[in-house]
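Here is a friendly walk through the charged and aromatic side chains of a model. Take a look at the sequence and the structure, then read on.

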Amino acid sequence: MSDAALREEDHTAALTHCDGLLLRQMTKAAMTWLTTNQQIVNALNVFPVPDGDTGTNMLLTMQAACKEAAEKTDKGAGAIAHAIAHGALMGARGNSGVILSQVWRGFARALDDRESFDGRLFATAMREATETAYKGVVKPVEGTILTVSKDVAVAAEGAAGESDDLRYILECVVAAAHESVERTPDLLPVLKQAGVVDSGGKGLAIVLEGMLRYLRGESLDAAPVTPIKTLDLASIGAAMDAVEPGQEWEVVVDFRPKPELDLPYFYNRLDSMGTSIQVGSGEDLYRVHIHLVKEKRYEPIALAEDLGTVVNVHMENLIDQMEREKDSKAPPPLPQVKIEPGQIAVVAVAPGQGLARVFASLGAVVVSGGQTMNPSTEEILNAIGDLPTHQVVVLPNNKNIVLAAQQARDLSVKHVAVVPTRTVPQGIAAMLALTPGGELDAVARAMTAAFQAIETGEITTATRDVELNGVTCRAGQIIGLHNGDLTVAAESVEATVLDLLKKMRAAERELITLYYGEPVTAADAAAQVEAIRARYPDQEIELVEGGQPHYHYIVSAE
C-alpha cells in the first residue's frame with residue numbers, strides 16, 4: 001500500500017504490504033516522534049552528569065537516515081531501506097546511534113531489492129536487524145538496546161504467524177519493545193541502582209512507536225507525559241548555543257507549583273510564548289528555561305505565579321550577549337600538523353579549544369566533540385580520508401564515541417586502528433607513545449598500553465538526585481568521577497577535587513595534571529592548584545586550560 005492510499009483509508013483496515021513510499025513516511029514519523037520525546041531519552045542517564053545525550057544522538061542518526069531516504073527517487077521498499085541504512089550509518093553518533101544504524105543495516109539487507117514487504121518479510125527483517133546489531137558490538141551487553149531489538153524480533157515473528165496485518169504486527173512489536181525496556185534494569189544492575197531504564201532501548205521503542213502512530217493516524221507532536229528531566233543553571237549554557245531568529249531574551253524561572261500541576265497545559269502555554277523550552281524538576285521545585293521576544297519576556301514569570309510561588313528569576317538579553325560574543329577575540333588557529341606520506345597519523349576527538357590545542361601540539365588532527373556533542377561516523381571518516389597517509393590511529397577519548405570510531409574504521413579504505421581511549425587523559429597518554437614511523441599494529445598496541453596506566457578524574461555538577469556506588473548526591477552538588485564511576489560528592493569544587501584525588505590515590509603518583517573547563521576562571525584554577533600543592537607537596541602539579549564544557553576539571557594522575 002502506498003502512502004497516498006494510507007491517507008485515504010480509515011487506519012483500521014488490514015495493511016498487508018508496505019512499499020518504499022510508505023516506509024519512507026513511517027521512518028520520517030519515527031524521527032518526528034523521537035524529536036517529541038528526545039529529552040525523555042536524554043534524561044535516562046545512569047550517572048547524574050550533563051552528558052545525557054542518547055536521545056540527541058539517536059535523533060541525529062535518524063535525521064541523517066531520513067535525509068538520505070528523501071533524496072532517493074526509487075520507490076521500492078528495498079531501495080528506500082538501503083538509503084535509510086546508509087544515511088544512518090554515515091550519520092551515526094554515540095553508541096546507541098551506531099547500534100541503531102546497524103539495526104537499519106540488517107533490516108535493509110533482509111529486504112534486498114524488494115518492491116514491498118509483507119508481515120512475514122518484516123519479521124525476517126527484524127530478526128536480521130537484531131543479528132546485525134549484535135555482530136556490530138565486540139562484547140554485547142544485555143539490558144541494552146540490543147536486548148530490546150532481540151525481544152522485538154521475537155514479537156514480530158510471533159505476530160506474523162498470527163496475522164498478515166502489518167499494523168497488528170507493529171502493535172505487538174511496540175508493546176514488546178516497551179515491556180523489554182521496563183525489564184532492562186533486571187538485566188543490567190547499574191540501571192536498577194540508578195533507578196532508570198536503558199536509554200538506547202527506550203529510544204528504539206520510541207522509533208517503532210512513531211511508525212505505529214503514523215499507521216494509526218495519531219499525533220506525533222503531543223507533549224510527552226513521562227516525568228521530565230532535572231535542569232540546573234549549569235546546563236543552560238547548552239541551550240544558549242542556539243538562539244533562534246527573533247528571540248531576544250532568555251528567561252529562567254524557579255517556582256514551587258501548587259498541587260496537581262497540569263503539565264500538558266503548562267507545555268502548551270510555554271509553547272505559545274517562545275522557543276528553546278526546557279523544563280526540569282527536583283524535589284518540589286520546577287525550573288523553566290525559555291527564549292522569547294522582548295514583548296513576552298515577563299509572560300513565563302506571570303504563568304509561574306499563576307501556578308505557584310516564584311522563588312527565583314534569571315533574565316538575560318540574548319542580542320547583547322551575541323554581540324559581545326561576536327566582538328570577542330577569536331581563538332588562535334591550532335598548530336599545523338605535518339604528516340608525511342607513509343607515516344602513522346592520528347585523529348583525536350577533543351571537547352574543548354584548549355584540549356584540541358594540546359592534541360594538535362602532540363601531532364594529532366583534531367575532530368571536535370565529546371560529552372553531549374559526539375561526532376558522527378562520517379565526520380571521523382572524513383578526517384581519516386583527508387590525511388595524506390594510508391596509516392591512521394583514531395583516539396575517541398570518550399566511551400560514547402568508540403563505536404562510531406570503529407564504524408569509521410570499517411568503512412575506510414585505509415589501514416586504521418582504533419585505540420579505545422575513553423577519557424582525554426588516556427588520549428594524551430596514548431599520543432605520547434606514538435611512533436609515526438613505526439608499524440601500525442605495534443604502535444597501536446604501545447599506545448593502548450600507555451593509556452591503561454593513567455588514572456582519570458572528572459569534576460562536574462550533578463544533574464539529578466541519585467545513590468550510586470555507595471555515593472549519595474543531590475542535584476546541584478559537585479561530584480567527582482574516577483575512571484568514569486561516581487566516587488565523591490561535595491558542596492564545593494575545591495573540596496570535591498581534593499576528595500577525588502584521595503580516591504585516585506594521588507599520593508602514590510608522580511604527576512597530577514588539571515585541565516580546567518569553561519565553568520572555571522583562570523584565577524580559580526590557580527587557587528585550586530595551590531590547594532592541591534598544599535595537600536600533595538611531593539607531587540608535580542601541572543595546570544592546562546582545557547576549555548571543555550560542563551566539566552569544571554578533568555584530572556589525570558600518573
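## Charges and rings

At 34% relative accessibility, Glu379 counts as partly exposed, a class that lies between buried (under 20% relative accessible area) and exposed (over 50%), with a 1.4 Å probe and protein chains only. This is a predicted model, so local features need pLDDT of at least 70 and side-chain atom pairs count only at pLDDT 80 or more, while totals for chains, interfaces and linings use all residues. Residues are numbered from 1 along each chain as its sequence is written, and side-chain values use heavy atoms, with hydrogens and water left out.

**Salt bridges.** Side chains of opposite charge can pair when their charged atoms come close. The term salt bridge here stands for a side-chain nitrogen of Lys or Arg within 4 Å of a carboxyl oxygen of Asp or Glu. How many salt bridges does a search of the whole structure find? The search finds 15. One of them joins Glu379 to Arg93, with 3.4 Å between the closest N and O atoms. This pair links distant parts of the chain, 286 residues apart: Glu379 is in helix 17 (residues 377-385), and Arg93 is in the loop between helix 5 (77-91) and helix 6. Helices (H or I, at least four residues) and strands (E, at least two) are DSSP runs, numbered from the N terminus.

| Salt bridge | Distance, N to O |
|---|---|
| Glu379 and Arg93 | 3.4 Å |
| Arg127 and Glu157 | 3.0 Å |
| Lys192 and Asp186 | 2.9 Å |

The pair of Arg127 and Glu157 also links distant parts of the chain: Arg127 belongs to helix 7 (residues 119-135) and Glu157 to helix 8 (residues 145-160), 30 residues apart. Arg127 has a relative accessible area of 23% and is partly exposed; Glu157 is partly exposed too, at 34%. In the pair of Lys192 and Asp186, Lys192 is exposed at 52% relative accessibility, and Asp186 is exposed at 53%. Salt bridges also form a network, which links Glu171, Arg213, Arg216 and Glu218.

**A negative patch.** On the surface, Asp74, Asp112, Asp113 and Glu115 gather in a patch of negative charge. Such a patch is made of residues with over 30% relative accessible area and no salt bridge, with like charges joined within 9 Å. Asp113 sits in the loop between helix 6 (94-111) and strand 2 (116-117). Is Asp113 buried or exposed? Asp113 counts as exposed because its relative accessibility is 58%.

**Aromatic pairs.** A pair of aromatic rings is described by the distance of the centres and the angle of the planes. Rings of Phe, Tyr and Trp (its six-membered ring) pair if their centres lie within 6.5 Å; planes under 30 degrees apart are stacked, over 60 edge-to-face, and the rest tilted. By this rule the count is five aromatic pairs. Among them, Trp104 and Phe107 are edge-to-face, because their ring centres are 5.8 Å apart and their planes stand at 80°. Both residues lie in helix 6, three residues apart, about one turn of the helix. Phe107 also pairs edge-to-face with Phe117, at 6.0 Å centre to centre and 90° between the planes. Phe107 is in helix 6 and Phe117 in strand 2, so this pair ties together parts 10 residues apart in sequence. Phe107 is buried at 5% relative accessibility, and Phe117 is buried at 3%. Trp104 is buried as well. Ring pairs link Trp104, Phe107, Phe117 and Phe122 into a cluster.

Technical notes
Patches are made of residues with over 30% relative accessible area and no salt bridge: like charges are joined within 9 Å, nonpolar side chains (Val, Leu, Ile, Met, Phe, Trp, Tyr) within 5 Å. Accessible areas come from the Shrake-Rupley method with a 1.4 Å probe; for residues, only the protein chains shown count as cover. Lys and Arg count as positive and Asp and Glu as negative; His and the chain ends are not counted. The place of a charge is taken as NZ of Lys, CZ of Arg, CG of Asp or CD of Glu.
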